[in-house]
Number of protein chains: 2
Amino acid sequence: MTKFEEEIRSQGAILRARALAGASEARRAAEGFRGITHLVVAARGSSDNAAIFLQYLAGQELGLLVALAAPSLYEGAHRMNLSGAGVLAISQSGRSPGMVEVLTQANQQGCTTVALTNYLTSSLAESSDVVLELRAGPEEAVASTKTFSATWHSLAQLVDAMSTNNLEGIEDLPEVVERVAAWALNIELPLDLLDVAGLTMVGRGVGYAVASEVALKVREVSGVRAESYAAPDYLHGPVGADGAGCTLVAVITDELEDAVLFELLQGCRGSQMATVVIRSPRRAAVDCDAEIVLPEVGPNWVEALCAVILGQVIALRLGEIRGRDIDTSPGLSKVTLSA
Amino acid sequence: MTKFEEEIRSQGAILRARALAGASEARRAAEGFRGITHLVVAARGSSDNAAIFLQYLAGQELGLLVALAAPSLYEGAHRMNLSGAGVLAISQSGRSPGMVEVLTQANQQGCTTVALTNYLTSSLAESSDVVLELRAGPEEAVASTKTFSATWHSLAQLVDAMSTNNLEGIEDLPEVVERVAAWALNIELPLDLLDVAGLTMVGRGVGYAVASEVALKVREVSGVRAESYAAPDYLHGPVGADGAGCTLVAVITDELEDAVLFELLQGCRGSQMATVVIRSPRRAAVDCDAEIVLPEVGPNWVEALCAVILGQVIALRLGEIRGRDIDTSPGLSKVTLSA
């Protein structure tokens, strides 16, 4: 078995093991963030996709505005006004370039700073008031899986801790993730529709975070040129491209209404694309080339993580049939040294 | 001549005609935004690419944090905390879905609201404290050109008005744009490298806004599947995809250092991609398959708009050799009705 597959399988156990300590750290971070008007998040790659998830979950549950930081603005002599903001940096290694500069400016301005990382001794952790420890263990495959779900878990714990309500679904997440990983590794996927010249992943709200992460995973592991769009943005221009030999994968979450989905599928058929839909059993059946229906019903943000795990398995299967070296993701190293 | 080409040629004259009144409106908007801690911008499609430009220019010149609004968070009963923020909505038609909802919440919370639109009688304009009028005239080609440069101009005027310094290059912009459009329509482009199965446009800072807008234009007008990435994000995973038959186009602006550019070109060669670079005459020659050197030197943000105009012409030429109906952008309508 590849390390990548082992790591996909391990995610439920990892979430279970980090639940208690993670919740306690999240409460400390929430305490630090009390009274902020907005939250600035610095992240790259997979972590940036998790930041998109936070943007929607924090907006939906807390009404909290999340701004994704543009790291180049924090370099050199530039000084950004962070007054009123809390600042969160996300990096598995704690060494992702440009993140420490954001935290340093935030510390100088007296903002509460939080780092979400696997490494307590990293420069990221050492530059922060509070550390949310990923506790995902060392990642051996180059393409991240357990790191991503642990990040998702930790961000949900943070929102839960900042909310006056309990975040529905947080307690059961480890078990759900474990069941969904086993299910996804056991089903037959419509690989003929997915092993194509170009995959376009679309979603809305937390579904856009899913589309972005799955597209990245598919690219890294299988080499298929996958791209991702927020569904309304895709309709606002990019849908016009020639799509012959390409496939649309729509990730349906609560934010994606049937009317937009219908327009989307119609537009893609018009440009010769095949269409695949990933949806909850809660949603009505969709007229498309293939549907993948998640195995169980849950809150929107939990179903979204289930779709990510399904996407990890899609990346794995595509990598297998394309004969790729799945654990090394040719051409990639874990930490980009310059940025 | 296609409407699209006519509109490309018209941009200098349009900026010249809007310079004075636009500057005066920008001063009113800047007055309204006095004292904000951050700016929330709502936009879709091309306007969203202009918002990315503002994110960098406002950060670089003013240290002002710009957050791109996620429209789905402002729908229905959701209520976002906008305290301390100014709010700007950008939509050529003034009818882009989801924008008015953002302005309505902002008005209810006492934030200053500004609309940037071509239509003073649009619902967007009527929901705002101050209107920045695009004055681009009715757009006849479906893919926007003059609207985009007028938006860029207006946003630069806004930053100029909010700054204690004068924004270098703002006075000369109409003349520069006119000269660059004439130049771009007159040069020979490396179309064999650009008429490919997949184009990947990358840039950093304002260059990322350029890459995003050019990729969108190429998709709409020529049908070539073009995608865009911030350069460090591209290196952080997506570069691993199979690139045979595809081309990287790197837009070099000041934010993209030589070291990252070198890593980028190396990674793309490793994945079998051809490489094209767009750069200022200020930057050193780059070892790649083709360079396109802008015809004149200017401030970074001005050169970036020159690269956009070059990209409009690339989209036009690709559309011509691919036999597309350039003015109608098949499959697209100007305003997406649902979102």
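This is a predicted model: local features need pLDDT of at least 70, side-chain atom pairs count only at pLDDT 80 or more; totals for chains, interfaces and linings use all residues.
Start with chains A and B in view. Two copies of a chain are related by a rotation about an axis and a shift along it. Here a rotation of 180°, with 0.0 Å of shift along its axis, places chain B on chain A with an RMSD of 0.0 Å. This is the relation of a two-fold axis. To find the axis from chain B, select Ala67(B): its C-alpha is the nearest to the axis in that chain, at 2.4 Å.

Through which surface do the copies meet? Of the interface residues of chain B, 100% are also interface residues in chain A, so the copies meet through the same surface.

**The nonpolar core**

Next, select Leu88, Trp152 and Trp301 in both chains. These are the residues with the most contacts inside the largest nonpolar core, which has 215 residues.

Keep Trp301(A) selected and show what surrounds it. Leaving aside neighbours within four places in sequence, Trp301(A) is in contact with Phe53(A), Leu57(A), Trp152(A), Ala156(A) and Leu167(A), among others. The list of contacts also includes Glu168(A), Gly169(A), Ile170(A) and Leu173(A).

**A sheet in chain B**

Move to chain B and show its strands. Strands of a sheet pair through backbone hydrogen bonds, either parallel or antiparallel. In chain B, an open sheet of five strands has the order E2-E1-E3-E4-E5, with parallel pairing. Which strands are at the edges? They are strand E2 (65-68) and strand E5 (130-133) of chain B, each of which pairs on one side only. On average, neighbouring strands of this sheet are turned by 20° against each other, direction ignored.

Now select helix H3 (residues 99-108) of chain B. Helix H3 packs on the sheet and touches strand E1 (38-42), strand E3 (85-90) and strand E4 of chain B. The direction of helix H3 makes about 155° with that of E3(B).

Zoom in on strand E4 (residues 113-117) of chain B. Four bridges join E4 to E5(B), and the two run parallel. To see one bridge pair, select Thr117(B) and its partner in E5(B), Glu133(B).

**A buried arginine**

Arg18(B) lies in helix H1 (residues 3-32) of chain B. Is Arg18(B) buried or exposed? Its relative accessible area is 0%, so Arg18(B) is buried.

**A strand with two faces in chain A**

Switch to chain A and select strand E10 (residues 290-293). In a regular strand the side chains alternate between the two faces of the sheet. In E10 of chain A, Ala290(A) and Ile292(A) form the covered face, while Glu291(A) and Val293(A) form the uncovered one. Four bridges join E9(A) to E10(A), which run parallel.

Select Val293(A). Its bridge partner is Arg279(A). At 32% relative accessibility, Val293(A) counts as partly exposed.

Follow chain A back to Gln272(A), in the loop between helix H10 (258-270) and strand E9 (274-279). Phi of Gln272(A) is near 70°, a positive value in a residue other than glycine. Gln272(A) counts as exposed, at 57% relative accessibility.

Then select Gln272(B), which lies in the loop between helix H10 (258-270) and strand E9 (274-279) of chain B. Gln272(B) has a positive phi of about 70° and is exposed, with a relative accessible area of 57%.

**Cysteines**

Last, select the cysteines. A disulfide is a covalent bond between the sulfur atoms of two cysteines. How many disulfides are there over all chains? The count comes to zero.

Two cysteines show why. The sulfur of Cys268(A) is 10 Å from the closest cysteine sulfur, in Cys246(A), which is too far for a bond. The sulfur of Cys246(B) is also 10 Å from its closest cysteine sulfur, in Cys246(A), again too far for a bond. Cys268(A) is buried at 0% relative accessibility, and Cys246(B) is buried at 5%.

Methods
Residues are numbered from 1 along each chain as its sequence is written. Chains are lettered from A and ligands numbered from 1 in the order in which they are written. Side-chain values use heavy atoms; hydrogens and water are left out. A nonpolar core is a set of buried Ala, Val, Leu, Ile, Met, Phe, Trp, Tyr and Cys residues joined through side-chain atoms within 4.5 Å. Buried means under 20% relative accessible area, exposed over 50%, partly exposed in between (1.4 Å probe, protein chains only). Contact means heavy atoms within 4.5 Å. Copies are superposed by least squares on the C-alpha atoms of residues with pLDDT of at least 70 in both. A disulfide is a pair of cysteine sulfur atoms within 2.5 Å. Two strands pair if DSSP finds at least two bridges between them. Axes are lines fitted to C-alpha atoms, for helices over the stretch in contact, and angles run from 0 to 180 degrees between N-to-C directions.
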